Amino acid sequence: MTEGYRIEGGLINRDKKLTFSFNGQKKYGYQGDSLASALLASGDTIVARSFKYHRPRGIFSAGSEEPNALVHLGRGALCEPNTKATTVELYDGLEANPQNYRLSVHFDLMAINDFLSPLLTAGFYYKTFMWPKYFWEKIYEPIIRNSAGMGKLSGHSDPSHYDKGFLHCDLLIIGAGPAGLIAALEAGKAGLRVILADEDFLPGGRLNSETYQIDQKPATLWIEETVEQLRNMPNIRLMTRMTVYGCYDHGIYGAVEQIAPEVLEKSKPRQILWRIYSKRALLCAGAIERSIAFGNNDRPAIMLAGAVRAYVNRWAVAPGKAIGIFTNNDDGWQTARDLRAKNIPVSALIDTRRDASDEEIDGVEIIRGERITDCMGRKRLRAVKLTNGRLIAMDTLAVSGGWNPNIHLTCHQGAKAVWDEKISAFLPARLAGLSVAGSANGTFALGDVLKEAYQAAQKIAKDLDFTPRAGKPPQANNEAYSLSPLWHVKESRKRAWVDLQNDVTYKDIALAHQEGFRSVEHLKRYTTLGMGTDQGKNSNVIGLALMAEQRGLPIEKIGTTSFRPPYTPVSIGAFGGRSRGKNFRPYRLTPSHQWAEERNAVFVETGQWLRAQWFPLASETHWRQSVDREVTMIRASVGICDVTTLGKIDIQGRDSAPFLNRVYANGFAKLPVGKVRYGLMLREDGISMDDGTTARLAENHFVMTTTTANAGTVFRHLEFCRQCLWPNDDVHLISTTDGWAQYAVAGPNARKLLQNGIVDKIFDISNDAFPFMGCANITVCNGVLARLFRISFSGELAYEIAVPTRYGNSLVRALMEAGKNFDVTPYGTEALGVMRIEKGHPAGNELNGRTTARHLGMEKMVSKKKDCIGNVLSERPYLNRENDYRLMGFKPVDRKEILSTAGSHFIAIGDTPNMDNDQGWMSSVAFSPTLGHSIGLGFILGGEQRIGETVRAFDPVHSKDIPVEIVSPHFIDPEGKRMRA
Amino acid sequence: MRHGDLLLEEVAQCRLFSLSIPMGEDQALKKKIEQTYELAWPQPGKLAKSVDRYFMAMNEEQLFALFLDGTTEQDFQNQLGNTGYITDQSDNWCYLRLSGPTSRAALERICPIDLHPDMFNTHDVARTVMEHCGTILLREGGDSFLLLSARSSAKSFLHAIEQSVKNIS
């Protein structure tokens, strides 16, 4: 066990020791540790390699702004790359590994890149690898991609579980630091429903890392008491481990919650993606410290000064045994005081300001007006060199370049941040619905933070018509904070890093400027400044300042890049949530699904429905065998097909008949009760929309069927017509698609089957009593309510019989039993499709949103005696051209040829296949077992006038070029004798 | 299914009818409802309830009548005469009841509606979408919710609820 850097105190639970491994080595930590704090306690200095130069890197920060300490967390399929060690809560059994190295993180072969750095400046790959051209894709790019980058994906499907959810509140407070805690308390006491979210697993924010006092007691004690109060308030929901990553319209926020490792079970979601609906939001996200660019400032053990305090005070870890401090502001001095309070040796406090405080700190050499130009120690800092040439030995350096308010979320809706000269940082823009308080608002002193957040909560409560309680905010001292901005130590001869994560140096920014990149957005894209998992939380402002310096302009004139969601990376799994595999979306089953499964049905998704395509017998090895058999059996005897999926719309009201007369192109006003009619619906522009049948069950009661695919579209269309076009009509619609199980019984023996114990004997379904296109309410199987329609899609004598869905499973089994003597055959959608093509019935392939009634050969159905939707625009001359496309049948000239795919284009024999010679397209094809050869339906210019002519069905996609004969689209029983039998 | 303190059960034998108001005859139908069931026509988003009958107002001109007492379409028709248009919706829906102290927490994972009692109280009813399934949600009282969703996708809907229950327990 190595825990040489652990010190007394801190907010860790020393009673709960945790075992973990890093880089294959077993290590120990405590409950309350982060992975980073536990690594520091174990003396791990190098935890990763840098993005481009593969330089050794150590832990730099203590939060989600971490640019360096990215690790592979977990193993195998569970491995999550690019995880920030600073945000990982330590748990027993945690396994982490460094990333982005070859051989070893301590001896990385790719570190040769560091020596080649003069060649690898910003945009080098835009300028190099230009020759030979074809090397780029095959040689250069794979090598570059393999060398650069961060972690590696496991390559396996993520076995973890994720979930989503919805939260609602009056006030969402983002950040549970001092501002967030006091705001939540006040808003809660005023009666607001509050969600208080914090990405950390411990509420308190920066206070946990400081040694401040509130109301004359340690701030950590105040946190404990406040959190206790909040947890006891039913209107407050304190959600730790929850990062609010995005701010969207209308008070909606996106957040991702990590489940605490100690309660996480394998079968439970590890992350929950929340959508939060809030009336108001208060951003209390604090501030993020920034660094200073100086020579070799990326050495391992160079850290942010605030992070050093966090490790010392919160996690009881001394990051080093001789720590130096480099600062341009008062806050850096606090680091020295805290280190000395813990008896940690401080090598020197180097303040860039000559006029810095004259305070003396016991045991600390204070050097004013000097800057660091270089850092020595490749694998761990050994010493720093000052502008005066002095070398100071140290094993850790704490750097503070000032603090940036954490305004990320305020930019998500396009608001631009505002530069503030006083703190040399960007302040949030004013936004409706989103207030900002505390350090996120540029208010850094604790006393002021508490007061501002307290007042913000009271104002929000008043705005929402709540009554805030009388009182005053807790009291705290206002610690000093003044700074003299310093972005880059000009005396540095060595590379000075601006963006650690992307290996962007001062030189890169100067080069970008030299090469003409003036816009901040261009700078970002040319140099990659501010990209990656940290999104430039440390580096953006320094980069902008250096660009301003290059251009000789003040920073506010340079502009800023906009922050976009997410605030921190969100795993794709969280966005997917539980919607995986077959539960990716809902699926719909008919009541006879199980029956079909028992018969080995092969299913196909049609929309959300699962429909049986065919029912293979054990002896059948190819789908065509099954489909041919099914078609043949139906044409010869009888078959049963589940047509439950057809859309069904119940239409009632005194004006139902005139309503239908207007929505259908053909007449429905005089449809007698007890009759069904085929109907064609047009869009307003005269193009065919959908077809189906509508039955009149009573004077003011109709039932419409739609195609399966268009059920929702047609219902929506009808509602639009009812509510917007004819709001004064007495028409009422409701879907009954799921309420009725419906089966087609088709074939010469269909009637006999139904008469064999299905339709109750009191109902006469003989051809005379119940002719083609009849409908009736009947009973089946001794009294079960049913509806019977005599309609046919197959062209055979056929019925569709519907029963309430609860009886569907029973009915299909009863139908099979009743049909035994007729060798009844269940058939699926493929056989259905073959038979409708044989019969020349159009379906979805023909009603494709481009075809008119005239194209379909149904122009006579568009009644000119009445008005209907689409009637006027169907009169447009272009839609009524002579020799326009018409739906026709097609047979291969060589009957042995197989028309296997729709989509072929018709080209005249001898013509070159191109767009100019295109004469139409094949919309549907099938092998007709009835005819013994392939057939097709399609649209061809000239239509009926060309019957007998031969054209080419040209399909360049499948390399097919088949001569076909133009024939009538009605291949089977064109007179319709069978279905009227 | 019982999972911890939660009970998820199918409510069998529900009969559900849509009832629409003929144009211009709303008073006649509302009066008939009052006379027959001693219930006032509820406001949209609310329900009127007697022992085994829920009248859920889905919009201004339509309500859903949910009967747990075996009333058939014909019975309902006979009771109302020709004062309204009735469509039997019983088999269009599946009926699940989720009850128990953490029912709201479970529904929070899939229901976009704010179910806090201040916002969605006993006898409130709403149409919403849960895991892409259209849903009618009604608060029977306390922590008991009745959930109606399309029968054809009942398996997906059940999975969504079960998964939520498991995920929070």
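Reader: How many salt bridges are there over all chains, and what makes a pair count as one?

Author: The rule gives 62 salt bridges over all chains, where a salt bridge is a side-chain nitrogen of Lys or Arg within 4 Å of a carboxyl oxygen of Asp or Glu. This is a predicted model, in which local features need pLDDT of at least 70 and side-chain atom pairs count only at pLDDT 80 or more, whereas totals for chains, interfaces and linings use all residues. Residues are numbered from 1 along each chain as its sequence is written, chains are lettered from A and ligands numbered from 1 in the order in which they are written, and side-chain values use heavy atoms, with hydrogens and water left out.

Reader: Why is the pair Arg55(A) and Asp114(A) called a salt bridge?

Author: The closest N and O atoms of Arg55(A) and Asp114(A) are 3.0 Å apart, and because this is within 4 Å, the pair meets the rule. The two residues belong to distant parts of the chain, 59 residues apart: Arg55(A) is in the loop between strand 3 (48–49) and strand 4 (56–57) of chain A, and Asp114(A) is in helix 2 (residues 112–115) of chain A. Helices (H or I, at least four residues) and strands (E, at least two) are DSSP runs, numbered from the N terminus.

Reader: Are Arg55(A) and Asp114(A) buried or exposed, and how do you know?

Author: Buried means under 20% relative accessible area, exposed over 50%, and partly exposed in between (1.4 Å probe, protein chains only). Arg55(A) has 4% relative accessibility and therefore counts as buried, and Asp114(A), at 6%, counts as buried too. Both residues are part of a network of salt bridges that links Arg55(A), Arg57(A), Asp114(A), Asp298(A), Arg378(A), Arg495(A) and Asp503(A).

Reader: Which salt bridge involves Asp114(B), and how do its N and O atoms meet the rule?

Author: Asp114(B) forms a salt bridge with Arg193(A), the closest N and O atoms being 2.7 Å apart, and therefore within 4 Å. Asp114(B) and Arg193(A) are both buried. Across the interface of chain A and chain B the rule finds six salt bridges.

Reader: What area is buried between chain A and chain B, and what makes it a buried area?

Author: The value is about 3,500 Å², of which carbon and sulfur atoms give 44%; buried area is the accessible area (1.4 Å probe) that two parts lose on being put together, summed over both. In chain A, Phe166(A), Arg578(A) and Arg806(A) lose the most area to chain B, together 19% of what that side buries. By contacts, 41 residues of chain A meet 43 residues of chain B.

Reader: Why is the pair Trp419(A) and Phe426(A) called edge-to-face?

Author: There are 27 aromatic pairs over all chains, and in this one Trp419(A) and Phe426(A) are 4.9 Å apart centre to centre, with 75 degrees between the planes. Rings of Phe, Tyr and Trp (its six-membered ring) pair if their centres lie within 6.5 Å, and planes under 30 degrees apart count as stacked, over 60 as edge-to-face and the rest as tilted; the two values therefore give an edge-to-face pair. Trp419(A) and Phe426(A) are both buried.

Terms used:
Contact means heavy atoms within 4.5 Å.
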